[in-house]
Amino acid sequence: MISQSTVFLAALASVVSGQLCVPETLDCNEVLPIIYKMGDGSCACDSKAHDGALKYSNGKLFLCLNSEWKALRMTGVQEYGTEFNPGSSCEDILEKADGKDLSDGVYWIGIRLSESPLSTSFPVYCDMTSGGWTLVLKVVSHADQGLVKFWDVLYSTWPIQEYNMEALSITNQYKGHYKNRVYFDGNWESFNASQARVSLYESGNVVKELVFNATASQYSNWFEKARLKSSPWSDIWTEPQNYFNLKGLSARQDATRRRYFYINRNFGGCEVDRGWLVYTDHGGCHFESGRRYSTVQYSKLSGFFGGQKMIT
């Protein structure tokens, strides 16, 4: 998971200009200003040339269409953080809630809204309880993705299950990885996260959590020891690590081992391997084969553990 100011990422400033109201006199030869306070006076609506004219009368807005005034039905203003009025992040939505309590759940955001207000919106899971963290990537043990491995999910240039509401839930048993468009090169930088969070969930509850400084990071390098701010494992600060990155062993294109989100202390043969965290989807050792194939594994202790005793 990422938070923009706070795996959940955000910063947005908006300026609302004051409306320009003009006298309600009407001169049909003048071009109307961009924002116009309309009264019930109007030009004629009796030819095709008048199509598009507007007037306001008796609490209703009328549009001239096919030589006839048509009353427009107003649907109201969409609440901020919804499909047609997206925020820039979960934190942005929470900050603009004007003190209203927002629950954890699905909201809508868009990328580069300040540059392109018509940017396509998409749903995301928001952890509002903790301050507005945005879920951008979810890795699931025993994920059923057909022939799609996590390698393909991580490096795909398209979202994975972005509009699947079941995939957005952190409490259900949906067996599939998830990635939204925030986790793209370029979009990550535009999202402008200041912190990134890796949360390990079991039965909908957080069991371990790491927080990273994501300022000026890229989607490929925020998961590094130098950026780590907090860890559930106290010895991670003092013990050596031979791997501490997102790509892990997979960065070597190793056909026999694919380990991601890999925080490892040492090798020495499968029985001697020690570490803190890994997601493996290509078994090379006994602790990543059988029922432990394609699983998130972590140390349940306050420090590193290893080999066959990692918890899945």
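Leaving aside its neighbours within four places in sequence, which residues is F212 in contact with?

## F212 and its surroundings

The answer is S194, Q195, A196, V198, W222, F223, E224, R227, L228, K229 and F244, where contact means heavy atoms within 4.5 Å. This is a predicted model, in which local features need pLDDT of at least 70, side-chain atom pairs count only at pLDDT 80 or more, and totals for chains, interfaces and linings use all residues. Residues are numbered from 1 along each chain as its sequence is written, and side-chain values use heavy atoms, with hydrogens and water left out.

F212 also belongs to the largest nonpolar core, which has 51 residues. Such a core is a set of buried Ala, Val, Leu, Ile, Met, Phe, Trp, Tyr and Cys residues joined through side-chain atoms within 4.5 Å; buried means under 20% relative accessible area, with a 1.4 Å probe and protein chains only. F212, W222, F223, F261 and L277 have the most contacts inside this core.

## The strands around it

Strands here are DSSP runs (E, at least two residues), numbered from the N terminus, and two of them pair if DSSP finds at least two bridges between them. Strand 10 (residues 195-202) pairs with strand 11 (residues 205-213) in the antiparallel sense over eight bridges. R197 stands opposite V211 in strand 11. Two residues lie between the strands of this hairpin, and S203 takes a positive phi near 55 degrees there.

Strand 11 also pairs with strand 12 (residues 228-230), again antiparallel, over two bridges. L228 in strand 12 is the bridge partner of F212.

Methods
Helices (H or I, at least four residues) and strands (E, at least two) are DSSP runs, numbered from the N terminus. Buried means under 20% relative accessible area, exposed over 50%, partly exposed in between (1.4 Å probe, protein chains only).
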